[in-house]
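Try each task before reading its solution.

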Amino acid sequence: MRFIDEAVIIVESGAGGKGCVSFRREKYIPKGGPDGGDGGKGGDVLLKAVNRLRTLSHFSFRQRFRAENGSSGKGKNKTGKSGKDLIVELPAGTIVKDAEDGGLLKDLVRDGDTVVAAVGGRGGKGNRHFATSTHRTPRFAQDGVPCETLTLKLELKLLADIGIIGFPNAGKSTLISRISSARPKISSYAFTTLIPNLGVVKLDPYPPFVVADIPGLVEGAHTGTGLGLRFLRHVERTSFLIHMIDLTTLEPDDILKTYHSINAELEHFSPALSRKNQIIILNKKDQPGTEEMALLFQQAAAEINPDIRIISALTGEGVSSLKEHLARLMAEQGSSLSPDL
Ligand SMILES: Nc1nc2c(ncn2[C@@H]2O[C@H](COP(=O)(O)OP(=O)(O)OP(=O)(O)O)[C@@H](O)[C@H]2O)c(=O)[nH]1
Ligand SMILES: [Mg+2]
């Protein structure tokens, strides 16, 4: 399935049904009063978050959603049938905005969260409402309220507890494939990962949690270099980040360079995201010469962020204790996600 995390849709509620003009005509009652029923209400368009959907890709095929109109009122005071509501399903984590002014309509975070996006028109009043003591035979009724049409921008922000960020090739996907159920593509060229991968991490006796591996960032990503920063929004809802660093790429003279440049990109994207707690993971410790780099890095970074772990995602060294560390941190904070993982 294609990963699509943005879509524009048009929603249209049903119009209210017309009120009816009618007079009571029965045997032996030659001139009955007005008995035109009201029009039925138009259907609403509702947007509903469901866990079953993972992307917005189904909106590439259909962008217009219209609820049913209300039926017209009828004689004998019969109210017209209400139009059926239309429920449009989208993945949990979708933010719904007005496409014109960008105003937030609702953040549909959890399975079952619902918002009425377009309200159905009220039905028009039948002529019976317009009879007065001086005007007993009103020959008019009200029209229903017309439908409401809105253009909505949908933005998916994945739901994950922990996000893995770092340069391309740092080993992010290798790590997620080691600690979770996810099996992303792993390769020695940059930008192997083109869409975010979610993996569920299970480790008894801790509650399960979700880790997101997003495409690599590069210096200048905020100006569009590489894949840009757009995938960062998928780690905005996380509790904390794993900042993954490839030990073999560090320069001893400027050991924190890559670390700072990734953080600068985060800051460009959102200061709030750059303030999120990070665990620094120095990866590829199986490679020669990396021990010295790790030491230099630890010394330089000790005051900024002492939560540093050294692993080899490839051989698995240090990975199980890291997994336990993550599980414990998550258990302390409590996963914000649904328990049915
Ligand atoms: N020697 C060694 N190689 C590793 C280690 N972890 C990952 N690699 C290799 O590094 C390369 C990149 O790994 P990926 O997991 O695809 O890296 P990534 O960070 O997901 O890269 P992008 O998806 O491009 O951002 C692959 O060839 C991996 O086999 C490690 O601990 N040691
Ligand atoms: Mg990858």
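**Exercise 1. Find which residues Leu86 touches, and place Leu86 in the fold.**

Step 1: leaving out residues up to four places away in sequence, Leu86 touches Asp44, Val45, Leu46, Phe65, Arg66 and Ala67, where contact means heavy atoms within 4.5 Å.
Step 2: Leu86 lies in strand E4 (residues 86–91); helices (H or I, at least four residues) and strands (E, at least two) are DSSP runs, numbered from the N terminus.
Step 3: Leu86 is partly exposed, because its relative accessibility is 22%; buried means under 20% relative accessible area, exposed over 50%, and partly exposed in between (1.4 Å probe, protein chains only).
Step 4: the C-alpha atoms of Leu86 and Phe269 are separated by 36 Å, and the two residues are 183 apart along the chain.

A word on conventions: this is a predicted model, in which local features need pLDDT of at least 70 and side-chain atom pairs count only at pLDDT 80 or more, while totals for chains, interfaces and linings use all residues. Residues are numbered from 1 along each chain as its sequence is written, chains are lettered from A and ligands numbered from 1 in the order in which they are written, and side-chain values use heavy atoms, with hydrogens and water left out.

**Exercise 2. Identify the protein donors of the magnesium ion (ligand 2).**

Step 1: look for donors, that is N, O and S atoms within 2.8 Å of the metal (3.2 Å for Na, K and Ca); water is not among the atoms, so sites may look incomplete.
Step 2: Ser173 belongs to helix H1 (residues 172–179) and Thr193 to the loop between H1 and strand E10 (197–201), so the pair ties together parts that are 20 residues apart in sequence.
Step 3: Ser173 is buried at a relative accessible area of 8%, and Thr193 is buried at 11%.

**Exercise 3. Describe the surroundings of ligand 1.**

Step 1: 24 residues surround ligand 1, and the closest are Lys172, Thr174, Phe191, Thr193 and Asp286; a residue is near a molecule if one of its heavy atoms lies within 4 Å of it.
Step 2: now search for polar contacts, pairs of N or O atoms within 3.5 Å; within protein, one must be able to donate a hydrogen and the other to accept it, and residues adjacent in sequence count only if both atoms are side-chain atoms.
Step 3: a polar side-chain atom of Lys172 lies 2.7 Å from an oxygen atom of ligand 1, and a backbone N or O atom of Gly171 lies 2.9 Å from an oxygen atom of the ligand.
Step 4: taken alone, ligand 1 exposes 650 Å², and the protein buries 90% of that (Shrake-Rupley method with a 1.4 Å probe; for residues, only the protein chains shown count as cover).

**Exercise 4. Check the span of helix H5 (residues 319–333).**

Step 1: the expected span is 1.5 Å times one less than the number of residues.
Step 2: the 15 residues of H5 should therefore span 21 Å, and the end C-alpha atoms are 21 Å apart, which agrees.
Step 3: among the buried residues of H5 are Val319, Leu322, His325 and Met330.
Step 4: just after H5, Gly334 takes a positive phi of about 80°.
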